[in-house]
Amino acid sequence: MTKDINTLLTSLGVNMADYQGQDIPSVSPINGQTMATLRADNAAEVTAKIDRAHAAYLQWRKVPAPRRGELIRLFGEELRTHKAELGQLVTLEAGKILQEGLGEVQEMIDICDFAVGLSRQLYGLTIASERPGHRMMEQWHPVGVVGVISAFNFPVAVWAWNAALAFVCGDSVTWKPSEKTPLTAVATHALFMKAVARFNLTGNDAPAGLAELIIGARETGAQMVEDKRVALVSATGSTRMGRQVAEVCAKRLTRTILELGGNNAMIVAPSADLEMAVRAITFSAVGTAGQRCTTLRRLFVHDSIYDTLVPRLKKIYAGLPIGNPLEKTTLIGPLVDQAAFDGMQKALEAAKTDQGQVFGGERVTVAGAEGGYYVRPSIVEMPSQTEHMHHEVFAPIMYIVRYTDLQHAIAMNNEVPQGLSSSIFTTDMREAELFMSDVGSDCGIANVNIGPSGAEIGGAFGGEKDTGGGRESGSDSWKAYMRRSTNTVNYSHSLPLAQGISFDI
Ligand code: UN1
């Protein structure tokens, strides 16, 4: 059963009267209809929100980390309770199928669990000192206000990767969501505030301003990035946007975590399990209608299996259920908007000028959802990897190129400016290890026998080159949200200097 938008927002604890306005429309990609229009924060309001977040950080950093973890545990509970509603809202506002909307909320729950455990594991090293009677150690301290910029395609999970870690690390968070997906942000904020209220009922004191939501367009985000009190900017989106953020942050020497464009490839080697490869390719290439930063965009298929695999893929593509993402049987929902559709068509035309053979890519009309931009995902057989393939087009286009030599396939994998995710299908361990080695894939993620998309939260997520170099989510990504203090303690009765320097006074 699907609920209408107002019932959904109310059940998620949102009071729309607080947000209604005339600046930022939330348009459902399903049918192109406006679900609500929100008011943008003006410059003074943005400043006030950052003021509050900064004041909150000064209090929150004093709360012991395991207590901070308790707030995230409660937030994880709210997400569990409201998974169905929030998942549905993600579908309505981002257009991804319900399974993926729910998956996105699950990803938030997972990172909360991770962060709760982490709240008791924020440890530094003890290091051997070269001086007698001395001890060296590291402590990790909160860094301040973390400014999060998130994209429409993962409108809530990516904020959660950042925020769950930042909160247990003792930081406060200001969040500027994509202007295409303000409602999911408003709902997530409401759920977080529910957790704060419960936390405070049990004798805690989460300061007001710990989580601030900033609604607005580009200039609102720019103001947040420029504000000196924002100690870390974590931005997800296009390489173009990331470069602008990086320039501003470099000027004021503040930290960034950048998670930008991807142009992810898979190599299918002669020994690959083709049944598994077919499933992995299809999910990675057409899932989220090709609008993940980890989407499979380039497929390198060994000459010996090309004529078996590629016709098989075309057959699957021809039958993919495209339609309303709220319906259970749908696997491919709409593109986010007309601009995405136009970008896709332009890229397909460009591929033709490179002698690409285009399969699919046409607009599909969905009854009752005529205003949505639905497309048949496209396969483009290319004679070689051309310059057009170096660009990330946020739509379901998968280029396929034949290869004969694995070294050449790896070189093609690495040839593009982006370096987010990559994968190989092979049962030959030499090939698998080579692909993951220092002379293999140059991406932040290199998988074997799974596709490039759909990473778990436990690993560090991010990539190299034009992808921006940042890491979010699992492993030791938390360190980016803290500052390291190196402490040398002298418990002896003399004062030897490091490097054996003699300095007698
Ligand atoms: C994104 O597209 O910005 O690995 C994030 C994946 C998801 C996250 C994608 N867990 O595909």
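Is Ala 277 buried or exposed, and how many other C-beta atoms lie within 10 Å? Ala 277 is buried, with 25 other C-beta atoms within that distance. Before the close-ups, please note that this is a predicted model, in which local features need pLDDT of at least 70, side-chain atom pairs count only at pLDDT 80 or more, and totals for chains, interfaces and linings use all residues. Residues are numbered from 1 along each chain as its sequence is written.

**View 1. Ala 277 in helix α10.** Ala 277 belongs to helix α10, residues 274-286 (helices are DSSP runs of H or I with at least four residues, strands are runs of E with at least two, and both are numbered from the N terminus). A residue is called buried if 20 or more other C-beta atoms lie within 10 Å of its own, exposed if 12 or fewer, and partly exposed in between, with C-beta atoms placed from the backbone. Leaving aside residues up to four places away in sequence, Ala 277 touches Val 268, Ala 272 and Phe 425 (contact means C-beta atoms, placed from the backbone, within 7 Å). Asn 449 is 172 residues apart from Ala 277 along the chain, and their C-alpha atoms are separated by 7.3 Å.

**View 2. Helices α5 and α6.** Helix α5 (residues 98-118) packs with helix α6 (residues 157-168) at an angle of about 15°, their axes 9 Å apart. That angle makes α5 roughly parallel to α6 (the term covers angles under 35 degrees). From α5, the contact is made by Glu 104, Glu 107, Met 108, Ile 111, Cys 112, Ala 115 and Leu 118, and from α6 by Ala 157, Ala 160, Trp 161, Ala 164, Leu 165 and Val 168. By class, this contact has eleven nonpolar, no polar and two charged residues (Ala, Val, Leu, Ile, Met, Phe, Trp, Tyr, Cys and Pro count as nonpolar, Asp, Glu, Lys and Arg as charged, and the others, Gly among them, as polar).

**View 3. Around the ligand.** The residues around the ligand include Glu 107, Asn 153, Phe 154, Arg 292, Cys 293 and Ser 453 (C-beta atom, placed from the backbone, within 6 Å). The shell has four nonpolar, five polar and two charged residues. Glu 107 is among the residues around the ligand and also takes part in the contact of α5 with α6.

View 4. Ser 473, in strand β22 (residues 472-473), has a positive phi near 75° without being a glycine. Ser 473 counts as buried, with 26 C-beta neighbours inside 10 Å. Gln 499, in the segment after β23 (482-490), also has a positive phi, of about 65°. Gln 499 is exposed, with 5 other C-beta atoms within 10 Å.

Methods
Two residues are in contact if their C-beta atoms, placed from the backbone, lie within 7 Å. Axes are lines fitted to C-alpha atoms, for helices over the stretch in contact, and angles run from 0 to 180 degrees between N-to-C directions. Angles under 35 degrees count as roughly parallel, over 145 as roughly antiparallel, 65 to 115 as roughly perpendicular and the rest as oblique.
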